[in-house]
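Have it open while you read, and go through the points in any order you like.

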Amino acid sequence: MSTSEQPILSVKHLSLYTGELSLRSLLLEHRLIRRKPVLSNISFELFRGECLVIMDDGRSSLPALIDILAGLRRQSSGLILCSGKVLTQDNPRRSSIIRPIFARSERTLDNGLDIGTTLDIPLRFSTELRPEERLARIRRTLELLRLPPDIIYEYPSNISPAESMRVSLARALVLMPRILVSNSAFMDLAPTIRAEMMNITMMLRKDYHITQIFAARNIDIARKISDRILIMANGTTEEFGETGRVLGNPQSAGTKKILENFSTRYRYSPVRD
Amino acid sequence: MTSGTIRHWASCLWGTFRGRPLFLTGLIGLICYIIIIAAGTLFMGLDPYRQNISEYFVPPSLSFSFETGFNRFIMGTDDLGRDIFARVVFGARNTLFAAVFAAAAAAAVGIAAGFAAAISGNPVLNILRRTMLFLAATPSVLIAVLMTAIVDPSLRHVAEAVALSLLPGFISSSYRIAADELRKKYVIALRTDGAGKMYITRIILRNTAYLFAGMTARAFSTAIIDIASICFLGLGAHHATPELGLMISEGMAFIYRGNYWCIIFPGIAIVSAVLIVNIVGSALKTAIRKGVFENASS
Amino acid sequence: MIKFILNRLMTLAGLLFLLSVITFWVNVRIYDIDLHGQLLPEYGKYMRNLLCLNLGTSDISGRPVMDLIRDTLPSTAGLLFSSLMISLIIGISCGSTAALTIDRTTSTVLTDISIFAASVPVFLIAVFLIIAVSLNITAIPSSDELSYFYEVPRITAIRLIDILLTDSGRKSEMLYNCLLHLVLPAATISVLPAAELTRITRNSLRNVMRQHYMQAAMSRGWSVFYIVIFHGLRNALPEIFIRLPVLINLYFTAVVTAEFVFNWPGTGNLLIAAAQDRDRPVIMGIFLFTASVLLTLNSVLSLLARFTRPVTAEQAR
Amino acid sequence: MPLLDLKNLSISRGEGERNRIIDNVSLTIDQGDIRALIGVSGAGMSLIMTAIVGIRRRGLTYSAERYRIDGTDVQKLSPARRRRFIGRKIFIIFQDPRMNLDPAMTIRRQFREILSLRNFHDRWYRYPGWKSRRMENLLIRVGISNYRKVLRSKPGELTDIECRKINIALALAYEPELLIADEPLSAMSVSSESQILSLLDSVNKNEHLTMLIGTNDLAPIAKLAGSVSLLYAGQIVETGKTQAVLSSPKHPYTRRLIRSMNEMGGELDHDEMFSELGGIFPSWPELPIGCRFGPRCPMAERVCLRTPPAVKLPQGHVWKCHFSAPSDSE
């Protein structure tokens with residue numbers, strides 16, 4: 001796609017600090033509140049239908065970044081622009097623009113609500129559709145994810161883990177958001193299930209041009225699915241760019257370190273024949 | 001749908017009560033208690049105040065003789081010849097009504113305040129919640145004593161004192177429960193779905209209803225005990241009024257003469273009431289939890 | 001952490017202030033002081049009296065309230081302490097047993113017993129103890145703290161200690177007599193808190209036993225007793241501390257009732273007597289005293305709960 | 001003689017073959033071997049592991065035909081002695097690294113506890129202060145340089161990777177014969193993962209510590225594990241030396257798994273679809289009747305759906321399928 005068009009998501013100088021009351025800093029730095037930087041000055045751009053994979057190296061703050069993008073936390077400074085317009089945390093339309101995928105589905109589904117209601121809630125609160133339209137939308141989403149249509153009468157306790165995984169994906173998709181965000185738990189699934197999920201997201205990217213942001217730890221996956229990659233270390237941007245270029249000839253030390261750490265002598269190397 | 005839900009809840013309730021014999025006995029006991037109180041206070045024309053000086057300290061018996069028919073006082077009479085059965089029935093009614101009032105008021109106000117403080121992180125409400133620590137440390141007896149300093153003692157004031165002493169517990173624990181739920185993953189997911197505060201409140205209330213049922217039942221039993229104790233200490237109802245605790249404190253004067261029945265029957269009434277409330281309360285807790293979370297049957 | 005301590009201290013101060021205001025208002029209502037325009041001076045005077053521990057004088061006996069409290073408090077303290085020990089030992093051991101033998105008969109039996117015990121009012125326990133024990137075993141008295149033929153010099157005002165300190169020839173029988181007097185009240189008081197403590201310990205310990213570190217410790221094959229004491233109860237402490245205020249209320253009611261029934265020369269008995277003949281200064285004084293003590297106790301408990309709770313990863317980050 | 005010899009362990013939720021959550025699982029682990037146990041979440045890995053160390057869930061019935069730890073028949077021991085025996089021989093590390101450590105105890109105290117409760121019959125380091133010396137050595141051994149601070153702090157103040165290393169250090173201090181690790185790599189960043197892997201390897205090489213590692217992805221530890229067992233819906237479908245299994249997988253599920261590993265490992269180009277395994281993983285109430293993989297097997301025949309297959313075993317490479325050497329029909 002042409003990079004001339006304006007980016008669908010552009011993050012500018014995003015920073016996050018946590019402050020805590022501490023006597024030591026009061027005595028040493030004469031400040032009652034000690035600020036600990038979690039994210040400092042993260043900025044990247046992403047175009048429609050692209051897939052960004054964010055990787056980090058240990059003790060850095062990838063979850064915080066994902067939370068901010070998903071709208072679960074508030075950044076200390078910096079902007080998140082969605083197709084040119086500033087996207088605030090409490091934007092009522094937010095959930096139809098950028099949506100998180102909750103990979104730990106068994107915890108994020110309310111055991112008291114049946115799947116239909118769970119899928120209906122986002123539609124009810126951020127669209128003006130009539131009930132039958134909402135139901136139609138839900139059915140379409142279910143068949144898109146190859147889930148049985150009568151699963152909407154089931155309860156989370158009665159469906160298998162794989163199904164509930166798809167259900168939480170459907171929950172993210174009913175609003176047909178422009179951007180999907182997911183944390184790394186999405187990538188820790190068993191290979192066979194992961195393959196299915198990867199296929200679904202690829203299909204979404206190809207056919208519906210949904211932009212996707214994944215946090216990943218597996219470089220093979222990153223190389224496979226992502227167009228751009230953001231390497232973070234200690235809460236700062238280490239390297240950002242086209243996946244092929246970054247992983248092809250890494251410039252920064254952090255990227256090199258990740259690459260060499262990933263391909264340990266224990267990792268399975270496919271037999272080429 | 002509605003009929004389905006009704007059937008679902010009915011099945012959950014009945015299943016729970018049938019599940020454990022303890023629960024079943026509790027249910028039966030509750031029904032008997034209600035029947036006895038209703039019949040005794042409304043239909044049987046008993047009078048807890050009438051004194052027949054001629055026959056004081058009549059021992060309880062179910063004896064039958066052709067002249068007099070059944071013994072009129074199945075639970076005997078006290079020092080003034082008042083029918084203890086009548087006094088127990090009316091006393092149980094008074095005590096239970098006061099306890100119901102206290103528990104219900106405390107539960108309603110407390111849960112509402114706790115949830116409001118938790119969900120709208122309103123500083124004013126939270127300061128109020130903090131000040132509730134003050135009451136949390138003051139037992140009902142103490143409040144009752146303070147009230148006697150201001151107003152004349154009466155059952156109503158006792159009930160108010162007990163409600164006041166129950167309130168802070170409700171507020172703090174409902175706040176804690178709501179805060180814990182708000183931190184859970186599924187609520188966060190709801191928030192990202194764009195659900196409003198009211199809806200989230202509804203969901204949380206639904207998922208924690210069983211906890212509150214248990215709490216309210218415990219508060220009810222505590223209220224019964226406290227009211228009885230306060231009246232026993234002579235800080236509550238006026239002497240003539242039939243009240244279980246009061247009856248016992250009056251009867252204590254006679255146990256050295258061996259007239260145990262003055263205190264045994266009120267005692268049994270109190271203990272059975274509290275036991276029934278506890279058992280039925282825990283049964284309801286289980287049933288509601290089943291009804292909310294085990295939807296496989298519906 | 002500092003923030004938390006400051007927070008608690010400020011709350012405590014605010015609450016004590018609130019308490020003083022309430023009692024002041026009650027005083028105003030009782031002795032209908034007309035404070036037209038001079039509310040603050042009146043309150044200042046009241047506060048000054050409070051700060052000099054001057055709680056007024058009793059209407060009946062005419063003695064200062066503070067002296068009354070000082071006389072009666074030690075015996076209450078002794079009673080409270082002994083029953084506290086009993087109920088702590090019984091409650092924690094029963095609760096741990098119930099938590100360990102979960103869904104076995106032992107656990108259900110213990111739980112049902114605790115439920116039953118928790119649903120018997122204190123005064124009933126007292127009355128039934130009198131009927132069952134004191135009327136049959138005449139050696140065990142059912143009233144007062146020490147029989148009248150012994151006179152003990154007031155040293156610490158706690159009878160047991162005084163007896164131990166005296167050098168009279170009849171020390172041993174005095175001690176025996178004192179303990180006999182202690183039996184019934186202490187037993188009465190300790191039943192309810194023990195039952196409640198059993199419930200609390202059982203629930204919180206059961207939650208702890210589910211954790212992975214407990215399962216790991218179990219899988220090491222160490223003695224269950226050791227694991228429960230040093231890992232289980234240690235980690236159950238915060239939960240227990242959070243629930244303890246309930247116990248405080250129970251203790252208060254129990255102590256007052258027991259002192260009333262067994263005619264124990266303690267503060268509770270004094271309070272009830274004052275309430276029955278509307279001796280307002282005594283009521284107000286004891287209320288103020290007890291309320292502030294309980295209030296401080298609650299804050300201490302919440303601080304303890306906070307300190308015993310281990311740091312979680314979120315707080316550490 | 002194998003260190004762990006477990007034959008036909010079954011864990012069931014009631015009567016009948018379809019209620020067996022764990023169905024006749026046999027594990028024999030040789031001295032000094034690293035056995036990888038591969039299965040998706042819900043296949044029952046953690047159940048098997050907790051059963052091995054003798055932790056039983058409520059409402060489940062456990063049965064095993066044979067359970068020996070180097071030669072001693074554990075089932076013959078009295079419950080108390082069994083607990084002590086198993087505890088002496090096996091050390092288990094659960095998935096969440098932080099929840100393995102008592103959150104209220106400092107690391108030093110936990111080391112102390114392990115070093116003092118496990119009685120070492122007169123060892124060379126029985127001199128005053130050997131405990132602290134030893135725990136510091138162990139912490140350095142697992143690659144924690146600031147051991148003084150770590151020993152002082154409580155689990156809540158440490159990072160995940162530190163907690164994992166401490167778990168391994170505790171295991172080394174305990175000197176078990178068998179180390180059971182459940183998902184030792186889950187939610188680890190890349191560099192921490194490599195650290196843990198090399199640590200496990202060196203421990204296995206130097207201390208000759210036998211390991212049973214449960215994980216849902218074989219790829220990261222393919223070269224580490226000497227032998228591998230694949231778990232599917234509570235049954236072990238294939239067991240063998242890792243090389244043998246990787247080079248000539250027998251069970252269709254294994255082949256599918258290895259194929260998806262190949263694809264993940266870069267066999268496909270960018271944005272090319274993965275090949276999928278249709279259907280969903282069966283979980284307890286809906287366990288299939290015949291071969292549990294039957295409904296999803298690409299080459300299933302009628303017999304697969306009717307009768308559970310027998311176990312085939314040429315030279316230590318065991319698999320559970322009706323067809324002896326299935327033709328590659330994919």
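1. Ground rules. This is a predicted model, where local features need pLDDT of at least 70, side-chain atom pairs count only at pLDDT 80 or more, and totals for chains, interfaces and linings use all residues. Residues are numbered from 1 along each chain as its sequence is written, while chains are lettered from A and ligands numbered from 1 in the order in which they are written. Helices (H or I, at least four residues) and strands (E, at least two) are DSSP runs, numbered from the N terminus.

2. The chain A sheet. Six strands form an open sheet with mixed pairing, in the order β6-β7-β8-β3-β9-β10 (chain A); strands pair if DSSP finds at least two bridges between them. At the edges are β6 (98-101) and β10 (236-242) of chain A, each pairing on one side only. On average, neighbouring strands here are turned by 20° against each other, direction ignored. Angles otherwise run from 0 to 180 degrees between N-to-C directions, with axes as lines fitted to C-alpha atoms, for helices over the stretch in contact.

3. Inside that sheet. β3 (residues 51-56) and β8 (residues 211-215) of chain A pair in the parallel sense, over four bridges. If you want a spot to look at, I54(A) stands opposite A215(A) in β8(A). Helix α11 (residues 253-262) of chain A lies across β3, β9 (228-233) and β10 of chain A, and runs at about 100° to β9(A).

4. A helix pair in chain B. The axes of α8 (residues 197-232) and α10 (residues 261-293) of chain B come within 8 Å and cross at roughly 175°. α8(B) and α10(B) are therefore roughly antiparallel (over 145 degrees). Their contact has 15 nonpolar, six polar and four charged residues. Here Ala, Val, Leu, Ile, Met, Phe, Trp, Tyr, Cys and Pro count as nonpolar, Asp, Glu, Lys and Arg as charged, and the others, Gly among them, as polar.

5. Where C meets D. Contact (C-beta atoms, placed from the backbone, within 7 Å) links 19 residues of chain C with 23 residues of chain D. On the chain C side, α8 (212-219), α9 (224-261) and α12 (313-316) each supply at least two residues. The largest share, six residues, comes from α8(C). By class, that side of chain C has eight nonpolar, eight polar and three charged residues.

6. The chain D sheet. This one is open too, with eight strands in the order β7-β8-β9-β3-β10-β11-β13-β12 (chain D) and mixed pairing. β7 (90-93) and β12 (311-312) of chain D each have a single partner strand, so one side of each is left without a neighbour in the sheet. β11(D) and β13 (residues 318-320) of chain D run antiparallel, joined by two bridges; T239(D) has V318(D) in β13(D) as its bridge partner.

7. Most residues other than glycine have a negative phi. E183(D), however, has a positive phi near 50°, and sits in the loop between β8 (178-182) and α7 (190-207) of chain D. A233(D), also not a glycine, has a positive phi of about 50°, in the loop between β10 (227-232) and β11 (235-241) of chain D. Buried or exposed, then, is A233(D)? A233(D) is buried, because 24 other C-beta atoms lie within 10 Å (the cut-off is 20 or more, with C-beta atoms placed from the backbone; 12 or fewer is exposed and in between is partly exposed). E183(D) also counts as buried, with 21 C-beta neighbours inside 10 Å.

Key: Two residues are in contact if their C-beta atoms, placed from the backbone, lie within 7 Å. Angles under 35 degrees count as roughly parallel, over 145 as roughly antiparallel, 65 to 115 as roughly perpendicular and the rest as oblique.
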